[in-house]
Amino acid sequence: MRYIMTGLVTLLLLAGCQEMQVERANTGAQPVAFSTYKWAVTPLVDTPDASAQLVELDEEMRGTVAAQLQQRGYRQVSQDQTADMVVDYQVAVVDEFFSGDTRDPSWDKQFDSNAPQEVVELPPLTDAPLVIMSVGIGRPGGEIIWGGSASELLTRPDSIEQRQRLIVRGVSALLRDLPEAYQ
């Protein structure tokens, strides 16, 4: 019985481990010495028809991006001031996202080794929401220099902690090449 329980717990942990998909911006624009930033978008809290879930995600995303910038020494300026760079971001949730890769011939075998070819048993995370994040940083009116997009399944949608870890991991991956602020 103990071996069965250990196997089940291990299987559940592996099922919950979805790798984050990251696509970073590669515009070829030359980095410049930036020290100040301002937001390109207003917070969703100011949008009357935004859902509560998106407002929460927006606040968490904006806070995480701001924290990453502050850790590197960037200063936020007010919207009416001139900034060295503009920061744009978006976060979205796609409900009931199907997880898997049908192009991989071994993909069906991970769910049922006895499954006939071209028949796939659906994983338990089929209805897990997909969180998609994008961040773009560049000169006002110019190309994106740093950023990109990242996505990952939210295996426990009711867990605020998991959602926050997911956003922190995504933003960190997208901004890993962002240099320290120019002093």
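User: Leaving aside neighbours within four places in sequence, which residues is V77 in contact with?

Analyst: Contact means heavy atoms within 4.5 Å. By that rule V77 touches T36, Y37, K38, T82 and A83. This is a predicted model: local features need pLDDT of at least 70, side-chain atom pairs count only at pLDDT 80 or more, and totals for chains, interfaces and linings use all residues. Residues are numbered from 1 along each chain as its sequence is written, and side-chain values use heavy atoms, with hydrogens and water left out.

User: Where is V77, and is V77 buried or exposed?

Analyst: V77 lies in the loop between β3 and β4 (85-94). Buried means under 20% relative accessible area, exposed over 50%, and partly exposed in between (1.4 Å probe, protein chains only). V77 has 10%, so V77 is buried.

User: What is the order of elements in the chain?

Analyst: Helices (H or I, at least four residues) and strands (E, at least two) are DSSP runs, numbered from the N terminus. The order is α-β-β-α-β-β-β-β-α. That comes to three helices and six strands.

User: How are two packed helices described?

Analyst: By the angle between their axes and the distance between the axes. Axes are lines fitted to C-alpha atoms, for helices over the stretch in contact; angles run from 0 to 180 degrees between N-to-C directions. Take helix α2 (residues 52-71) and helix α3 (residues 160-174): their axes come within 10 Å and cross at roughly 45 degrees. That makes α2 oblique to α3. Angles under 35 degrees count as roughly parallel, over 145 as roughly antiparallel, 65 to 115 as roughly perpendicular and the rest as oblique.

User: Which residues of α2 and α3 meet?

Analyst: From α2, E56, L57, E60, M61, T64, V65 and Q68; from α3, I160, R163, Q164, I167, V168, V171 and S172.

User: Where in the chain is confidence lowest, and where highest?

Analyst: pLDDT is the predictor's confidence in each residue, from 0 to 100. Confidence is lowest in helix α1 (residues 2-16), at a mean of 34, and highest in strand β3 (residues 75-76), at 96. Over residues 1-17 the pLDDT is below 50, and this stretch has two contacts beyond near neighbours in sequence. Residues 106-112 also stay under 50, with 16 contacts beyond four places in sequence. Where pLDDT is low, the predicted coordinates should not be read in detail. For the chain, the mean is 77, and 69% of residues reach 70 or more.
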